Amino acid sequence: MLDSTYEAWVNAVRDAADIVDVIGRYVSLKQKGKNFWGLCPFHQEKTPSFSVDPQQQLFYCFGCHTGGTVYTFLMEHDGLSFNEAVDMLATEVGIPRPQKSENTEVTRHFSRLQAVMEWTQEFFQISANQYAEIFLGYLASRQVSETARKRFELGYAPKSWNALTQFLSKHGITDAEMLEAGVAVSRQENQGIYDRWRHRIMFPIWNHRGQLIAFGGRSIEPDQEPKYLNSPDTPLFHKITVLYGEHLARKFWRQGRRPLLVEGYFDVIACHEAGLGQAVASLGTALSKEHARALARYGKEVDLLYDRDQAGQEAMRRAFMILSEEGVQVNRVTLTSGKDPDEFLREKGLSALAESVERRIPYFEAILEERLANSPRQSARAKAELVEGLKPFWNALSNPIEKAGYLELMARKLQVDQSILAQSFGLKQGNGHISPKNRHNMERIVSKVKRPSYDVYLLALLVRHPEYVGKVRETLPEWILEHDLTPVLDNLEQGKSLAELTSQIDRMETQVRRLVLEALAYDGPDGGPRVFEDVMQAIVRQRDNARWKSLIARLKQGEDSPELIREIQALQSRLAQDQMTRTSAPWDAVRIGKEG
Ligand SMILES: [Zn+2]
């Protein structure tokens, strides 16, 4: 059972973290009314229906109905357990866990997987000693120093199909656990399992908190394919969220160093050797939105240092686009020789690499210079083509001041009048980056979501006016039962604060939670006691209509019991009377109340 110290700690951590701040790292949010709005990360959408309420510290999506507290968000978004979400946030806000918590099924499961990773790491270390000649020989050829080898805890996977799996099963790890942790692969037709990696240099991969979550294996022989073989996605490892070296780099980012994005394991290591501890790499995948948001949290600027080949340049262009979208200013670091940072370091030495990073230039400027250098003769047509080619880069930028600066730069370099250039980039005045069309969509959605169902509206009124609860208990007892609202209404009637209500949200059943969240998110007009009566009647009517349909269906199926006939007659006369007394829909009353 949950004890009260634990409960108090969970609440303290939640209160210390700002939900807008936490969610804002993953979703770009804009304030509109009392709430913040953005595109929902849990379903595909083009117009924002995802809202974050800073007062109540809740979020809710009107599209897919995902919602809850900051914990719910981290659980849903990062696939964390409740305990992990609390732990993660607790570390960030600096409120340590009071004592050993209860060991739930989920945390046990995660700590088992964690154990598989630790034993696997142990095995790669043992093998590195055992086959020191191969292991150290390869690292020497890549000029990896002993310091770097130890800091990054490099290991070796031997040439064997079952050395690792046998080692792990000796330590009580089951086949199923090895498969789930991604260190073993299942043979065809379930004929047992075998080691994922053979004859490779092994790189342990940590998450940003320094927990071991995966491995990457580098081939040793030139013809050994693939060159890099990483862990698959597992419950511990989500490739698109992990940056290699982040647990080390964060310290430097906090000290104000710009994140430096490179392409591979050896590049990160090379940068560390050169004193550039701020370097990280995405793992065998292009930079994702999730990566970009993590980086955006730490710096307004990010430096890119990619391979000089075509693939590297293409990857850098994509990284620029994604980072710019998150409002990050992107710089390009150019190396004068070598194909990648690792090779450059070996050719030119430590200080040359650090100097190159210092000589970074804004990415857009670098592209402009490159294009200018490629077409030295500036005919009118060449200029027009050049401008056309720059448009996608320019459009990707989200900082209006930066954009204005480049406009000026282009005008100067191309000797074209700035106003003509502005016109060709589709600029009129203002430069606000919400286009009129998007703004219109935003308003449309917000006004649409402000009109909730009668159920939601009634509950919203009850939250504002707990004095109505008694009346609802009298008139709509089935409604309360059906939506499982008894505990919520008890709380409201006892005058408990909203904070207390919201602290229970994570433990509500999905359906109740959805209703409560939507009611709490409602910030439209109130309407007063008359509208309250109208809404109750509307719900009665809805229920009557539904009941009517089901009774008639039974009648049509040949049922003709006296009870059925009696109920139909009673309902019929009630519906007829309602038809006569009914004036206008409650929503109209709300609108009249609002405008009048
Ligand atoms: Zn959604």
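The questions and answers below go from the whole chain to single sites.

Trainee: What kind of model is this, and how are its residues numbered?
Mentor: Residues are numbered from 1 along each chain as its sequence is written. This is a predicted model, in which local features need pLDDT of at least 70, side-chain atom pairs count only at pLDDT 80 or more, totals for chains, interfaces and linings use all residues, and side-chain values use heavy atoms, with hydrogens and water left out.

Trainee: How many helices and strands does the chain have?
Mentor: Helices (H or I, at least four residues) and strands (E, at least two) are DSSP runs, numbered from the N terminus. On that basis the chain has 29 helices and 17 strands.

Trainee: What percentage of the residues in the chain is buried?
Mentor: Buried means under 20% relative accessible area, exposed over 50%, and partly exposed in between, with a 1.4 Å probe and protein chains only. Of the 596 residues in the chain, the buried share is 47%.

Trainee: Among contacts between residues at least 6 apart in sequence, what share joins residues at least 24 apart?
Mentor: A contact means heavy atoms within 4.5 Å. Among the contacts described, the share is 65%.

Trainee: Which arrangement do the donor atoms around the zinc ion have?
Mentor: Donors are N, O and S atoms within 2.8 Å of the metal (3.2 Å for Na, K and Ca), and water is not among the atoms, so sites may look incomplete. The protein donors here are Cys40 (SG), His43 (ND1), Cys61 (SG) and Cys64 (SG), at 2.0 to 2.3 Å from the zinc ion. Four donors count as tetrahedral if all angles lie between 85 and 135 degrees; four count as square planar and six as octahedral if opposite donors are over 155 degrees apart and all others between 65 and 115; anything else is irregular. Because the four donor atoms subtend angles of 103 to 116°, the arrangement is tetrahedral.

Trainee: Is Ile19 buried or exposed, and which residues does Ile19 touch?
Mentor: Ile19 lies in helix H2 (residues 19-24) and counts as buried because its relative accessibility is 0%. Asp53 is 34 residues from Ile19 in sequence, yet the two are 8.1 Å apart in space, C-alpha to C-alpha. Leaving out residues up to four places away in sequence, Ile19 touches Gly24, Val52, Asp53, Gln57, Leu58, Phe59, Gly68, Thr69 and Val70.

Trainee: Which residues does Ser127 touch?
Mentor: Ser127 belongs to helix H5 (residues 105-130) and is buried, with a relative accessible area of 1%. Apart from residues up to four places away in sequence, Ser127 touches Tyr156 and Pro158.

Trainee: How are H11 and H14 oriented to each other, and which residues make the contact?
Mentor: The axes of H11 and helix H14 (residues 341-348) come within 8 Å and cross at roughly 40°, where axes are lines fitted to C-alpha atoms, for helices over the stretch in contact, and angles run from 0 to 180 degrees between N-to-C directions. Angles under 35 degrees count as roughly parallel, over 145 as roughly antiparallel, 65 to 115 as roughly perpendicular and the rest as oblique. H11 and H14 are therefore oblique to each other. The contact is made by Phe266, Asp267, Ala270 and Glu273 of H11 with Pro341, Asp342 and Leu345 of H14.

Trainee: Which residues is Gln278 in contact with?
Mentor: Gln278 lies in the loop between helix H11 (265-273) and strand S14 (279-282) and is buried, at a relative accessible area of 5%. Setting aside neighbours within four places in sequence, Gln278 is in contact with Ala249, Phe252, Trp253, Arg257, Arg258, Pro259 and Leu260.

Trainee: Is Gln415 buried or exposed?
Mentor: Gln415 lies in the loop between H18 and H19, and its phi is near 55°, a positive value in a residue other than glycine. With a relative accessible area of 68%, Gln415 is exposed.
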